[in-house]
Amino acid sequence: MKTSASRLLLNFYLFVFFAFMLAPLAIMGGGALNDSRFPSVYPWKGFTDRWFIDLWNDQRMWDSSFNTLMVALAVVILAVPIGTAGAIVINSLQGRARSFLYGMMVAPILTPGAVIGISTLLFWNELNVPAGLHLSVLGQVAYISAYVMLLVFARLQSFDRDLEEAALDLGASHWQVIRRIVAPHLYPAIGASALVAFFQSLENYNVTLFTRGNSVTLTVYVGSKLRTGFTPTINAMALILIVITIFGAVVYEILRRREARYNDYLDMMAQRAEREALAQKLGTVRG
């Protein structure tokens, strides 16, 4: 009876949790299909595709989306190597040096985005570098690389240092050890951190707002529409992004399960080969 009540409570909690997470997305997506000037699902006035047509004709929306995409790609290109290198360096240190460097790398995550944006603008202004999307990239990299560092550092905790020492003993250089032993172990974390960096950049607002100059990104454009009054074209864009995200998640899960099955198959074949070799060895000894 106690187990049944616990399971019922757990199911209720899961229902409330997923409803809390998904209900805003459902309302946002539904507003893109409602034939109403106000972006809402109530009152429902019938299905329409007019907001997708308006979105297609909104050139400023697409320009800002293109700027956002370019900034996000640049952030990934810079943040992933910086964060990965930081994780490797921190993992190789011990004592106070490790704690100090770890705290310095994590600190930008705890800093408000507005502070990072203003600091970036003031610092580069002293060097006579004008505001623009390039400063948005640098400002975002300042804290997004910390997320990359945390993900890669967590992956490094499961790395067997004996493999690295064995490779060095066999004559491999440090670069060869990183490229052939450490990097393959870090590929899953690097891929995940690249996705995190990409989406963190896409949704960034505070840093971009202070550093963008005269350029406009998607979040800034949507923020300006909130002040002047926006139409459900924003909902249409959100629905497209939701569908893309769900599609990407499904593809990732399919590839992950396929890789897991392949790894299980390799393990099974290795165990079978080991049993056959052992059986052959025992047969030779008996003979």
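**Buried contacts, cores and pockets**

In the predicted model, T208 touches S136, Q140, T217 and V220, not counting residues up to four places away in sequence. T208 is part of helix α9, which spans residues 206–211. Because its relative accessibility is 2%, T208 counts as buried.

The largest nonpolar core comprises 30 residues, and those with the most contacts inside it are V75, A87, I144, M149, V152, L156 and V182. Two or more residues of this core are given by each of α3 (59–92), α4 (95–110), α6 (133–156) and α8 (174–202). Helix α6 gives the most, with 10 residues. When neighbours within four places in sequence are left aside, M149 is in contact with G83, G86, A87, I90, Y102, M105 and V106. A second, separate core of 11 residues includes A32, L218, A236 and M237.

The largest pocket has a volume of about 1400 Å³. Its lining consists of 39 residues, of which F199, L202, L241, I244 and T245 are the closest to the pocket centre. Elements giving two or more residues to this lining are α1 (2–31), α3, α8, α10 (218–228) and α11 (233–286), and the largest share, 16 residues, comes from α11. By class, the lining of the largest pocket has 29 nonpolar, 7 polar and 3 charged residues.

The second largest pocket holds about 190 Å³ of space. Residues lining this pocket include L156, F159, R161, E164 and V182. Helices α3, α7 (161–169) and α8 each supply at least two lining residues, with α8 giving the most, 4 residues. The lining of the second largest pocket has 6 nonpolar, 3 polar and 2 charged residues.

Conventions:
Residues are numbered from 1 along each chain as its sequence is written. This is a predicted model: local features need pLDDT of at least 70, side-chain atom pairs count only at pLDDT 80 or more; totals for chains, interfaces and linings use all residues. Side-chain values use heavy atoms; hydrogens and water are left out. A nonpolar core is a set of buried Ala, Val, Leu, Ile, Met, Phe, Trp, Tyr and Cys residues joined through side-chain atoms within 4.5 Å. Buried means under 20% relative accessible area, exposed over 50%, partly exposed in between (1.4 Å probe, protein chains only). Contact means heavy atoms within 4.5 Å. On a 1 Å grid over the protein atoms alone, a cavity is a set of points where a 1.4 Å probe fits but cannot get out, and a pocket is an open set with protein on both sides within 12 Å along at least five of seven lines; lining residues have an atom within 4 Å of a point. Grid points are joined across faces, edges and corners, and a volume is the space filled by probe spheres set on the points. Ala, Val, Leu, Ile, Met, Phe, Trp, Tyr, Cys and Pro count as nonpolar, Asp, Glu, Lys and Arg as charged, and the others, Gly among them, as polar.
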